[in-house]
Amino acid sequence: MEGCSTTGGHRADRRQPGIPGVGCTHGAPHGGDGCPRSAGTARPGNHRPPHVLPELRAPSLRKTSPLPPASQLRARAGAPRPRAHASCSSSPTAYHRFAINTVITGCDCTGRGGGRGKAGLKDGSWTVLQLVEALGFCLENTDPRMRGRGMQLLSQVLLQCYSLLQEKEVLHLVLFYENRLQDHHLVIPSVLQGLQALSMCEVLSPGLAVSVLKAIFQEVHVQSLLQLDRHTVYSIITNFMGTREEELKGLGADFTFGFIQVMDGEKDPRNLLVAFQIVRDLIAKNYALGPFVEELFEVTSCYFPIDFTPPPNDPHGIQREDLILSLRAVLASTPQFAEFLLPLLIEKMDSDLQSAKLDALQTLAACCAIYGQKELQEFLPSLWSSLRREVFQTASEKVEAESLAALHALSACLSRSVLSSDTEDLLDSFLSSILQDCRHHLCEPDMKLVWPSAKLLQAAAGASRRACHHVTRSVLPLLLEQYTKHSQSSQRRTILEMLLGFLELQQKWGHVEEEESTLLSLQALICSVVFSALTDSSVQLQLVGIRALTLLGSLQGFLSPSDLELVVDHLIRLALCEEDSQSSEAAMEAAGSLAPIYPKVFSGRMVPRLEEELQTEPEEESSRDRCSLRQRCLQALAAVSTHTSIVRETVPVLLQHLRKVQKGSEAGSAQDIISVCRSLHRVALQCQPEAESCWYYHQTVVPCLLAMAVQAAMQESTHPPLGKVLLQEEVLAAMVPVISAATTHLSPELAAQSVSHVVPLFLNGEVSFLPQNSFPCSFQPFQDGECLEAQRRLVALLMAFVCSLPRNVAIPQQEWLLRELLVLSCSCNCPFTATTAAKCFAGLVNKHPAGQQLDEILQLAVNRIEPGLVEGPHRTQALTLLLWVTKALVLRYHPLSSQLTDKLLGLLSDTELGPAAADGFSLLMAESPDVLHKGCHADVRIMFRQRFFTDNVPKLVQGFHGAGPDVKANYLKGLSHVLNHLPKPVLVTELPTLLPLLLEALSCSDHVVQLSTLSCLQPLLLEAPQSLSLHVDTLVTKFLSLTSSPTMAVRIAALRCAHALTNLPTIVLLPYKARVIRALAKPLDDKKRLVRKEAVAARGEWFLLGSPGR
């Protein structure tokens, strides 16, 4: 793990998680992890002679567990004991393999004894004590290395078989292992492994856990061990704390002191995470800390603040944040640390390091969750001074935000404390100090400390109801007075924004008791200030006033009935008459927010006013202004339709206006109809969350729109001028989302009820459910005849309805409907009708259950598409149908999709249909706005784009290399469309293969190919600069040439790519710097503002390339 250096602390010997082997200060030799080993750890004069094993040779042990003679032991092992124990020293690994295999499984390495199979320790044919006897030579050897190997083998066996041990065996093994803790330092690691295994035994006798830990605390100098061995000690302690809690608590503070000795000096991050967890458990489980509270704090706080950078490719995955959070949980775990921790936090808040400041502030906020007034009282002035300085003087938004969060936590902590009659209310005194230091800055709206002061006050006030009342009682009157004193709009805006912040706190905490409520006493003055802002000429002040008005309306009982009427009047004036569109839109949004709270006021006062404005006939000289006013009325009606009762008022008004536009003197205005449809669409979206509103809207609007469209289609046949506007493509396209949004959120039962009327309308001409259904002729959109062309256009409305139904809703006569749509999509001469029929067919096919019926329908479609693509007047229609059916099947992973995609790939070499087929790849990959998306319940599988890419891009590349020069552009266009819609992480992995083709696509004369390729390359320049830096010369040349393209969108995209080039390594770009800067001077004079804007940004980045600090 990479080292850590302290950021400066309260002790000179602060330790940080370090690099193993780095930062050791002792003169002793290093272990394998670089930690020093003290010369005294070997204890050469203290360890018991290796040939003495009193715990295992006691008479009582002989009596209860007689050891078998050597001959019997060898018979049980299934093989003779190795004659030469020298094998232990010459090849310890081979000996270990032999011994473990023999003891655990009962068969030796040669295979003899294999017939015994499972005989061994696991099935009870051996005991652990017999294993100790068998290992006697190693365990009694005078060579410490040999003893270490014997102990290692025994410990490895115990780690595998500890759950099989008996209570007496565990007892004797614990005594034996405790004794071995006094052995040579080379033996200690293996002894600790064995104790770790024994600590996991469920049959551990009472008192043994305490005995083991005492032995470790007394005999082992833990910090002189290797990292893994130290981790073993922590694991032993953790195991005992989890299973022998009461026994360890019996040690009292001695256990805490022993652990402090174990942890003191720890440097490895892996061990620190475990050690911090142990400290948290000590505190959380109420272990006795005794007189060692400060020592426990010191042994953990010496790591604060953590400054740790993990090495690259760290297999352990320990991050700096893990250590920070773990240490913070320790420091903030008990109020007993407060007297030591708070001075440390104040010291770190004064540090020059931002990371130290942030850590200290976050730790303070965490501590406030458990501290009380007693712990904070002494340090409140210093804490407030530090927090105030950080907010007033900091240049970092992060530090400011954390300081405000810490102040909020402090205020909340003081608010929670229960006061007795004879104690001082620290919250009042603390808030008074804040008010004293900040209140006077609120009187200077032009000075830079006004906002920091407001933020500090709002942070403190937002902590509790009591704090909010204390602060607002002092601040609100002051702000209202300052608003009256200052006449400039900018100053008033600042004051009103601050006032808005405190009003939001009132909204959070609600009203206090009426007799104490500052807000209620200032009601008239607050309303006066807000209303004056709404009439100010400054748009920015108006916007703040609208926000404040919305907030006041959300405060229950604050506005009187007369105030509410005035609020509605102001909103109507701003929405309809205000010249600036920002104020108008904000007023509409405010009306939408307040309407659900006061539905009667808005439906009784605002809706009639808007209806009246819509019905007013325009005068000649002001027709343009009236048109704009009418547009705003429609938008306002939609915005206010946020409550069921209001929807019932506004929807009839919108539909009535739509009929008026269709029939009256304004019948030629398609834009008016589109505006009404947009408003209806917004209302539909707002109705979707409420089932009642949604069903009312659906059964009111959908039949009405269908009736008007059918009427217009029949009038087109008999009186062409009357039905012309409603049948225009853009008008029908505007009606599609209205019907779709009204249908998608219907319950299956209501949807089934509605579909039983709509589908028979188009198949059988059933018009009985339509309002005003006295039509001059029958409605037959699927019949042949030129006179029915207008009726066939209405298939777009059928598509909007049936393709938005939930998948579990059965469509009546679906097979008949699919056949009619198939015929219409292939034979209709009107491109709009043919396309909508193909989309409707595809939408139904996508949701159709798999089975024979679907296979038959798809086969019919293929039989119509294939001859239509070969020859005839309807090749374009056949291609359109192929594209939509392919998309429907690709989305649901249907097997036929690959066959249809191959047909599409084959069309790229067609000189007539090739360009359209190439554009079709964009249709396949992009999100469709009206059909075949998740919002309309289409069957869309995850990662369909990645699958399409994997299956078809190799074919596109192969086709490009084999195509003639006249059709190569089609393959490039198709490829660029696929890559442009592919998730960028997938594209980056394939970049080396595809980049040459993308660069060639930039040379294509087709501006669609250029734009698509540029859109694909721009994010790649940000995400994979190293790969693209190999082609920097080509990229610079191509991008600069495209900045002079006749197409504005291409010029903009090329400039963005030139800008993104600066993410490549600077050393690669410097040779091109002068050239690029000269070339980008020309787009600075482009006739389009958006092009000039991108040129300025790109050229500025190239000017800064290579400058210091980049």
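Glu339 sits in helix α17, which spans residues 338–349. The model is predicted. Glu339 is exposed, because its relative accessibility is 53% and exposed means over 50%. A search of the whole structure turns up 9 aromatic pairs. A search for salt bridges across the whole structure finds 33.

**Surface charge**

- Glu339 belongs to a negative surface patch.
- The patch also contains Glu294, Glu295 and Glu378.

**Aromatic pair Phe276 and Tyr303**

- A pair of aromatic rings is described by the distance of the centres and the angle of the planes.
- Among the 9 aromatic pairs of the whole structure is the one between Phe276 and Tyr303.
- This pair is edge-to-face, with 5.8 Å centre to centre and 75° between the planes.
- Phe276 belongs to helix α14, residues 269–284.
- Tyr303 lies in the loop between α15 (293–301) and α16 (320–331).
- The two residues are 27 residues apart, and their pair links distant parts of the chain.
- Phe276 has a relative accessible area of 0%, so it is buried.
- Tyr303 is buried too, because its relative accessibility is 0%.

**Aromatic pair Phe762 and Phe779**

- The ring centres of Phe762 and Phe779 are 5.4 Å apart.
- Their planes stand at 70°, so this pair is edge-to-face.
- Phe762 is in helix α38 (residues 748–764), while Phe779 is in the loop between α38 and α39 (789–792).
- Phe762 is buried, because its relative accessible area is 2%.
- Phe779 also counts as buried, at 2% relative accessibility.

**Aromatic cluster**

- One aromatic cluster is made up of Phe217, Phe255 and Tyr287.

- Arg389 and Glu390 form a salt bridge, and their closest N and O atoms are 3.5 Å apart.
- Glu390 counts as buried, because its relative accessibility is 4% and buried means under 20%.
- Arg389 is partly exposed, at 26% relative accessibility.
- Arg389 and Glu390 are also part of a network of salt bridges that includes Asp350 and Lys357.

**Salt bridge Arg807 and Asp939**

- Asp939 and Arg807 form a salt bridge, with the closest N and O atoms 3.7 Å apart.
- Asp939 is in the loop between α46 (914–925) and α47 (944–962).
- Arg807 is in the loop between α40 (795–802) and α41 (814–827).
- The pair therefore ties together parts that are 132 residues apart in sequence.
- Asp939 is buried, with a relative accessible area of 10%.
- Arg807 is partly exposed, with a relative accessible area of 48%.

**Salt bridge Glu927 and Arg945**

- Glu927 pairs with Arg945 in a salt bridge, and the closest N and O atoms are 4.0 Å apart.
- Glu927 lies in the loop between α46 and α47, and Arg945 lies in helix α47.
- The pair thus ties together parts that are 18 residues apart in sequence.
- Glu927 is exposed, because its relative accessible area is 54%.

Methods:
Residues are numbered from 1 along each chain as its sequence is written. This is a predicted model: local features need pLDDT of at least 70, side-chain atom pairs count only at pLDDT 80 or more; totals for chains, interfaces and linings use all residues. Side-chain values use heavy atoms; hydrogens and water are left out. Patches are made of residues with over 30% relative accessible area and no salt bridge: like charges are joined within 9 Å, nonpolar side chains (Val, Leu, Ile, Met, Phe, Trp, Tyr) within 5 Å. Accessible areas come from the Shrake-Rupley method with a 1.4 Å probe; for residues, only the protein chains shown count as cover. A salt bridge is a side-chain nitrogen of Lys or Arg within 4 Å of a carboxyl oxygen of Asp or Glu. Lys and Arg count as positive and Asp and Glu as negative; His and the chain ends are not counted. The place of a charge is taken as NZ of Lys, CZ of Arg, CG of Asp or CD of Glu. Helices (H or I, at least four residues) and strands (E, at least two) are DSSP runs, numbered from the N terminus. Buried means under 20% relative accessible area, exposed over 50%, partly exposed in between (1.4 Å probe, protein chains only). Rings of Phe, Tyr and Trp (its six-membered ring) pair if their centres lie within 6.5 Å; planes under 30 degrees apart count as stacked, over 60 as edge-to-face and the rest as tilted.
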